[in-house]
Amino acid sequence: MEESGSSGGAEAVINLGIGSSVPISYHPCFGPHEDLLLLEADDNLVSDIFSGRVTLRGLPDEDAVLCTKSKTYAIKFVGNSNSMFLIPPSNSPGFIQDDAHGKVSVIKLAPGNMELVEVSPKLDKLKQLLLESPFGPGEVDAMMMDNDGSEKNLALYTWSDLVNIIQASDEELLKGLESLSAIEIDGYWRVIDESYLDMILRMLLNNCVLNSWSFDDLDEEEVVSSLVADEFPTQLAGHCLRVFGSEVKGTNKWKLEPRLVCLHFARQVLREEKMRVESFMEEWRKKIPEGMEERFEMLEGEVLTERIGIETRVYTFSVRSLPSTPAERFAVLFKHRPKWEWKDLEPYLRDLQVPRLSMEGLLLKYTRRAQSRPDAEPIFSAR
């Protein structure tokens with residue numbers, strides 16, 4: 001390589017034919033240029049990058065991730081033993097053009113490049129942040145009196161705040177908020193206090209009985225109006241329908257989902273206790289509204305059972321409380337129970353979605369499978 005004030009642009013290298021060569025020289029501005037990094041990306045990502053449809057997310061003490069509209073990518077540095085020369089385009093600022101020498105100028109020697117690897121969104125922090133300040137009856141009273149002073153001592157987060165804090169794409173962040181049954185109130189994303197949500201649901205069910213409404217054919221306007229008359233905010237009245245029901249396509253009607261309603265009351269019965277299965281089922285049945293049928297299968301991923309002597313007891317163990325990253329998820333599961341039957345384990349893995357890794361791949365990576373005989377149910381333990 002020669003050192004020269006003359007220079008040629010990157011266009012000469014891009015259009016270089018196979019088997020051809022071109023002389024190179026140092027650019028007058030040659031140096032480390034630590035603000036310049038090589039990034040390797042596929043065609044779709046390149047299009048998003050040059051169209052400004054990507055963002056870098058993460059706090060100063062975190063490794064940054066790159067997010068498109070729907071996906072999250074870890075950014076990893078990959079070293080290269082071969083020399084990689086960065087040649088600026090001829091129209092770059094300060095570029096000196098001298099075609100007479102027929103050379104291209106190198107501005108930097110790159111030791112490697114940044115590589116993008118699709119990863120799962122990091123949503124555990126979202127759960128932690130929103131659960132710090134659930135929306136409860138006290139704030140409802142303040143809202144009714146047009147007094148927002150109650151917000152001053154709360155940790156509240158707007159969409160803009162969450163985008164800057166949570167390492168997830170916009171679509172993944174929205175799905176995370178939906179999974180937490182979060183709602184935007186006065187510009188802040190909140191989860192509703194469980195006891196307060198219980199009050200709204202009970203009143204909704206009571207109104208169904210009083211007005212002879214079918215659980216499968218609820219008019220949203222009527223439901224919301226009745227709850228507002230019972231002094232619940234309009235926004236939370238509609239939210240209750242979305243938490244415990246599903247919209248009937250093509251209509252303005254809603255259907256209460258038995259599994260969601262029954263699961264809510266199962267949590268109310270169990271809380272942090274361990275109960276005999278028979279006692280639990282009896283108490284649970286008392287709370288279920290007439291017209292709905294409780295089934296133990298509804299509680300997959302929410303409760304576990306254990307044998308104590310001749311008794312079988314049931315207790316809360318919710319997938320909602322588990323980490324979203326596979327390594328941490330399996331660590332918690334095997335700490336809680338060293339050996340799992342597949343029928344018990346599967347509900348706690350169902351929501352894991354890891355790019356490029358199937359459920360079989362997850363099991364191979366994190367578990368050991370054992371069978372006492374070919375026709376026996378497999379048992380999984382930590383690898």
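This is a predicted model: local features need pLDDT of at least 70, side-chain atom pairs count only at pLDDT 80 or more; totals for chains, interfaces and linings use all residues.
Five strands come together in an open sheet, in the order β3-β8-β6-β5-β4, with mixed pairing. Here strands are DSSP runs of E with at least two residues, helices are runs of H or I with at least four residues, and both are numbered from the N terminus. Two strands count as paired if DSSP finds at least two bridges between them. In general, strands of a sheet pair through backbone hydrogen bonds, either parallel or antiparallel. At the edges of this sheet lie β3 (39-40) and β4 (55-57), each of which pairs on one side only. Further in, strand β5 (residues 65-67) and strand β6 (residues 72-86) run antiparallel and are joined by three bridges. Cys67 stands opposite Thr72 in β6.

Residues are numbered from 1 along each chain as its sequence is written, and side-chain values use heavy atoms, with hydrogens and water left out.

Stepping back to the whole protein chain, there are 14 helices and 19 strands. The radius of gyration of the chain is 29 Å, well over the 21 Å that the globule rule gives for 383 residues, so the chain is more spread out than a compact globule. This radius is taken over C-alpha atoms, and the rule is 2.2 Å times the number of residues to the power 0.38. Along the principal axes, the C-alpha atoms fill a box of roughly 90 × 65 × 45 Å. Of the 383 residues, 39% count as buried, where buried means under 20% relative accessible area, exposed means over 50%, and partly exposed lies in between (1.4 Å probe, protein chains only). Among contacts (heavy atoms within 4.5 Å) between residues at least 6 apart in sequence, 63% join residues at least 24 apart.

Glu231 lies in the loop between α8 (220-229) and α9 (234-244), and its phi is near 70°, a positive value in a residue other than glycine. With 64% relative accessibility, Glu231 counts as exposed. Arg356, found in the loop between α13 (342-345) and α14 (359-366), has a positive phi of about 70° although it is not a glycine. Its relative accessibility is 63%, so Arg356 counts as exposed.
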